[in-house]
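This report describes the nonpolar cores and the salt bridges of one protein model. The sequence and structure are shown first.

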Amino acid sequence: MSVLVAISGRDCSKIITALATKLPGVKISQWPDCDNLEDVEFVLAWLAPADMWAQLPNLKVVSSFGAGVDSIDLNLLPDNVIVTRIVDENLAHDMAEYVLTHILAHKLRLKDYVIKQQQRQWLPKRAYSHNHVVILGFGELGQSCAKRLLANNFTVSAFSQSPKNIPEVNCIHQVSELPSLLAQADYLVCLLPLTTQTKGFINRNLLMQLPSHAVLINVARGQHVVADDLLWALDNQIIRGATLDVFAQEPLVAEHPFWHHSAVTMTPHCAALSDLETVTQQIANNVQRMKTGLKLNNQVDRTKGY
């Protein structure tokens, strides 16, 4: 058997070296430079070409290179193929730190002061009193963010697609309950999985339900946000600001309005980056479990897409 690395837009040499060290005797190859596709049973994938899957007749397992599996078209995989994802404790820590940092930056008006410094303006103002954070998507990353926010005296509510019970967090899972929660949101953090149901979830209708002082923080996927609707909401003071770490097209094209919008803070998809050692060790463990017939770790429910 062999393991195929099919990750677009990245130098995979370090990944392949690390996997080869952890999996002696297992052939590690990279798409499209693979000698014998019939030997491939395990694929590590991110934005792999759609026509690749049909060329792997003995495929058993596909692992996403990230915490989500939205980069893999699950409809192209045979029903018997197991799909897994990466679970990195450091990822949850980094995400919580990023979210807290940017909420505090908005609360303390830091972007305003950067602009005023450039204009040589001395105009001190009190920090905003707003303290209620609503998290959309309440899996491992969302729960880590909630714990960090609670430790810093924020009030936290969360919406998820399945029931959750976390102390001190107001948890809902019915879409019908969402409007009342949005009306109370000072900061809206998107950590939803990307599925057909959540694509475009943050649109004009949703943004209009937020208070005018609200701030959006999107650290999930760019496709969750309808960009034109967000620009409209910012331009018309429907909401106060946005921090965006993810975009529908990455890197973001140079002419996109987000680059120079005064109410937008942008970062280059860096909120939580997977650790190479953690990723490759999890992949190696699952390859060994597949070879010995054990249940694989971090399996994805293909019917849900996460």
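## Contacts of Ile202

Leaving aside neighbours within four places in sequence, Ile202 is in contact (heavy atoms within 4.5 Å) with Leu136, Cys190, Leu207, Leu216, His224, Val225 and Val226.

The model is predicted, with local features requiring pLDDT of at least 70 and side-chain atom pairs counted only at pLDDT 80 or more, while totals for chains, interfaces and linings use all residues. Residues are numbered from 1 along each chain as its sequence is written, and side-chain values use heavy atoms, with hydrogens and water left out.

## Nonpolar cores

A nonpolar core is a set of buried Ala, Val, Leu, Ile, Met, Phe, Trp, Tyr and Cys residues joined through side-chain atoms within 4.5 Å. Buried means under 20% relative accessible area, exposed means over 50%, and partly exposed lies in between (1.4 Å probe, protein chains only). The largest nonpolar core has 32 residues, of which Leu136, Ile202, Leu230 and Ile239 touch the most other members. Two or more residues come from each of strand 6 (132-136), helix 5 (178-182), strand 9 (187-190), helix 6 (204-207), helix 7 (227-235) and strand 11 (241-244); helices (H or I, at least four residues) and strands (E, at least two) are DSSP runs, numbered from the N terminus. Helix 7 gives the most to this core, with 4 residues.

In soluble globular proteins, nonpolar side chains tend to be buried together.

## Salt bridges

A salt bridge is a side-chain nitrogen of Lys or Arg within 4 Å of a carboxyl oxygen of Asp or Glu, and the count by this rule is 4. One of them joins the side chains of Lys22 and Glu277, at 3.1 Å from N to O. Lys22 lies in helix 1 (residues 13-22) and Glu277 in helix 8 (residues 276-292), so this pair ties together parts that are 255 residues apart in sequence. Lys22 is partly exposed, at 21% relative accessibility, and Glu277 is also partly exposed, at 45%.

The side chains of Lys60 and Glu41 form another salt bridge (3.4 Å, N to O). This pair links distant parts of the chain, 19 residues apart: Lys60 is in the loop between strand 3 (40-46) and strand 4 (61-64), and Glu41 is in strand 3. Lys60 is partly exposed, with a relative accessible area of 41%, whereas Glu41 is buried, at 18%. Lys27 forms a salt bridge with Asp35, with the closest N and O atoms 3.3 Å apart; Lys27 is partly exposed at 40%, and Asp35 is exposed at 70%.
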